[in-house]
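This briefing covers a strand arrangement and a set of charged side-chain contacts. Please consult the sequence and the structure shown here alongside the points that follow.

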Amino acid sequence: EHEGLRILHVYGTASERGYAHGFLLGKEIAAVAVAEFSARFARQQPLLRQVRDACDRLIEYPDDVAAEIDGVWAGLVASGADLDMPDLDRAFDRQDLRIANALDVFGLLGCSSFTVWGDAVEGGGVLTGRNFDWPLTGPHLLDGTLLVVAHPTDGTATAAGAGAGYVGAVTGISEQGVAAFLHVGSAHVTFTPEPGSWPSAVALREMLTRARAADGAKTFDLAQRLLGNTSPPAGYLLHVALPTVPAGQGPARVFETDRDSCVPGDDPNGCLV
């Protein structure tokens with residue numbers, strides 16, 4: 001715990017990181033999951049059944065993320081946490097965990113962010129930040145929020161603000177200093193993604209793991225390529241920021257994604273909000 005914020009460090013392979021996450025935070029994951037699924041689906045159980053039936057067809061996780069989620073589930077079960085969901089007349093299960101990690105597909109995640117540089121920053125450099133300002137379904141989302149710092153054996157370490165049991169990056173930064181934020185956009189709502197789509201928060205986490213600050217603006221090419229694996233049914237804006245200003249370019253870029261495309265915004269001049 002650091003100044004009231006819980007921080008979880010996990011190390012090793014994807015499976016090892018997931019198992020540690022699930023085992024150490026079993027009670028917290030159960031508390032958040034039961035409260036969130038009850039709030040979202042207790043009165044819409046036919047909708048949840050549709051989501052469960054469609055999840056494996058619509059959602060694809062990269063191999064390392066799939067292994068990490070399976071590790072979380074194994075650790076969660078081993079922790080002995082109570083997974084009963086009385087309002088749904090059953091227990092939280094592995095399929096529910098996969099759905100929870102695709103929450104940006106089956107629900108909406110909002111927020112706002114900014115990046116400024118050059119004369120806008122006293123002393124120079126790049127200053128970036130974001131706000132969590134989407135509607136809450138209950139206090140469990142605040143109580144369950146933590147910073148997950150992943151130290152993979154085969155990639156860059158990342159820190160992502162998330163709920164217990166969540167492996168994507170709604171907001172995150174890498175040890176290379178590359179930052180990424182997920183926001184609701186204004187694209188046409190289509191309700192279902194293309195089959196085999198990555199969740200947007202997973203694509204951002206993968207980008208942070210693979211990005212190298214020394215690559216500069218090439219990081220934006222990586223972001224666009226990975227975001228091309230997503231097809232959110234409601235449009236998202238993905239804000240990516242670099243730790244330094246590339247020569248002749250801005251250090252931040254926004255990508256707008258929807259079910260059909262991923263389009264980068266113009267190179268901003270001086271600030272991006």
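A residue is called buried if its relative accessible area is under 20%, exposed if it is over 50%, and partly exposed in between, with a 1.4 Å probe and protein chains only. The model is predicted, so that local features need pLDDT of at least 70 and side-chain atom pairs count only at pLDDT 80 or more, while totals for chains, interfaces and linings use all residues. Residues are numbered from 1 along each chain as its sequence is written, and side-chain values use heavy atoms, with hydrogens and water left out.

**Strand arrangement**

- Helices (H or I, at least four residues) and strands (E, at least two) are DSSP runs numbered from the N terminus, and two strands pair if DSSP finds at least two bridges between them.
- Three strands form an open sheet in the order β5-β4-β13, and their pairing is antiparallel.
- β5 (126-131) and β13 (271-272) are the edge strands, each pairing on one side only.
- Strand β4 (residues 112-117) and β13 run antiparallel and are joined by two bridges.
- Thr115 has Leu272, in β13, as its bridge partner.

**Salt bridges: Asp96 and Arg90**

- The side chains of Asp96 and Arg90 form a salt bridge with an N to O distance of 2.7 Å.
- Asp96 counts as buried because its relative accessibility is 0%.
- Arg90 counts as partly exposed because its relative accessibility is 24%.

- In the salt bridge between Arg205 and Glu206, the closest N and O atoms are 3.9 Å apart.
- Arg205 is buried, with a relative accessibility of 6%, and Glu206 is buried as well, at 2%.

Note on methods:
Salt bridge = Lys/Arg side-chain N within 4 Å of Asp/Glu carboxyl O.
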